[in-house]
Amino acid sequence: MTGQAVPIGTGVPAASLLADRVAVFLLGAALNFNVLTSTFGLPFQRLSDLLPFLLIPWLGLRRAVIAEALRQAAPLAGILALIAASLVLKAHKQAGDVYLTLVLLLYVVQAFILLVMFRDRRVEDAFCIGLLAGLLASLAVLLLAASGLQLEKFGLAVPTDGLDEELKLFVQDKQGGLWASGNETGHVFALGGAAALVLSLRYRLKAIYLAYFAALLASFPFTNNRAGLFMPLLFLGLLMRRNLKAPAVLAVFGVLGLLLVAWAVTGEIPLPGTLSQAIERRFAEDRNVTGNFDERFLSGVTALQLVVEYPFGVGEVARREELQALTGLVTPHNGFVSLALQSGIAVALLLLSGLGRILLAPAAFGPFLTYSALFLIPSLMFEELSVNQYFLFFMGFILASLALPPDRAASATGQRP
């Protein structure tokens with residue numbers, strides 16, 4: 001591998017390295033356990049929106065970070081300028097319409113700093129562990145909310161006041177915990193699989209990914225999000241393929257066969273109540289697959305017309321009003337399209353080019369960026385996740401990687417300290 005780099009930990013005092021690891025661990029945890037700080041009157045929607053103001057001045061003053069920023073000043077400035085252009089040129093702006101674009105700008109800067117710091121694999125590991133710890137905490141919040149606890153006053157739930165009855169029924173069916181609905185939470189938990197996969201393969205501990213997958217399955221009866229299961233399930237199969245023995249496979253098919261027979265005879269799936277209901281609603285009884293596809297296709301194509309009409313983005317209220325007038329829907333059901341409407345065509349194209357660049361040379365960019373890209377793409381194809389801070393931060397990683405040549409990106413994510 002070209003571009004061997006001196007690990008960032010070399011020559012750094014142990015206390016400083018420990019502080020860095022603790023900081024990135026807490027950042028990773030905060031991304032998943034993302035408290036709504038706006039509940040407490042702060043001018044930030046979520047905790048992760050506040051942290052760049054604290055961490056960029058601190059972590060950004062590391063010598064390795066400053067040196068890399070100076071070397072890559074031109075591409076980094078170009079990326080930030082294209083994002084910033086939407087802040088000024090976005091059409092039909094109202095109060096709050098530039099918020100998420102500004103957050104993305106800060107996330108890109110924060111992500112660039114982290115990619116440089118990840119030259120020490122221990123720092124990258126701390127971030128991944130933090131992501132998984134935050135996922136478990138977020139899962140606990142989801143379970144508490146599902147039990148009926150009112151968590152809004154603690155910043156642990158999105159208020160539903162002001163929603164119409166149809167939307168209230170939707171979020172009751174697809175519970176989101178810390179996030180707006182299960183359609184967000186399911187994909188946030190799915191993207192956590194990238195961190196679990198990095199740690200599992202790095203330390204050859206499949207138990208890490210199995211524990212993550214168990215947590216994901218525990219969330220499914222509440223989020224009712226099918227699309228979020230796709231990539232985690234695919235990588236589970238790939239990870240466990242060498243452990244699959246004929247007797248075990250036959251036993252699994254035998255159990256599934258018995259469940260199908262019981263369902264055919266009794267009309268009920270003999271599983272715990274909540275899980276059984278979720279499977280029946282989202283798989284066995286879902287007869288709206290064609291209608292769902294038609295809605296997504298119509299909203300996506302129509303939204304693309306708005307992207308052409310507003311190349312630098314458009315305000316949230318105006319976008320939803322125009323899309324609803326044209327299709328009766330308010331979301332394009334696609335994260336790439338919603339990002340183009342939110343922050344401009346150039347930013348969406350940058351994201352696509354960054355994803356393509358990583359996947360065409362995975363060895364050059366390392367496992368963290370590669371697995372993040374692989375988990376990002378399917379989720380962004382299904383939902384309007386550009387409004388979700390967890391996904392925005394990972395988009396920040398992809399955009400920041402464009403400022404690093406492949407050999408530098410490889411050293412930033414794949415080398416042992």
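Predicted model: local features only at pLDDT ≥ 70, side-chain atom pairs only at ≥ 80, totals over all residues.
In helix α16, the buried residues are Val347, Ala348, Leu350, Leu351, Gly354, Leu355 and Ile358; buried means under 20% relative accessible area, exposed over 50%, and partly exposed in between, with a 1.4 Å probe and protein chains only. These residues cover an arc of only 160° around the axis, so they lie on the same side of α16; the arc is that of the directions from the helix axis to the C-beta atoms. Leu349 and Leu360, on the other side of α16, are exposed.

Residues are numbered from 1 along each chain as its sequence is written, and side-chain values use heavy atoms, with hydrogens and water left out.

What covers the buried residues of α16? The cover includes α4 (73-89), α5 (99-117), α15 (335-343), α17 (362-382) and α18 (389-401), where contact means heavy atoms within 4.5 Å.

Let me turn to the whole chain. Its secondary structure consists of 19 helices and zero strands; helices (H or I, at least four residues) and strands (E, at least two) are DSSP runs, numbered from the N terminus. Of its 417 residues, 50% count as buried. Among contacts between residues at least 6 apart in sequence, 75% join residues at least 24 apart.

Finally, I come to helix α1 (residues 14-32), where Val22 is found. Val22 counts as partly exposed because its relative accessibility is 40%.
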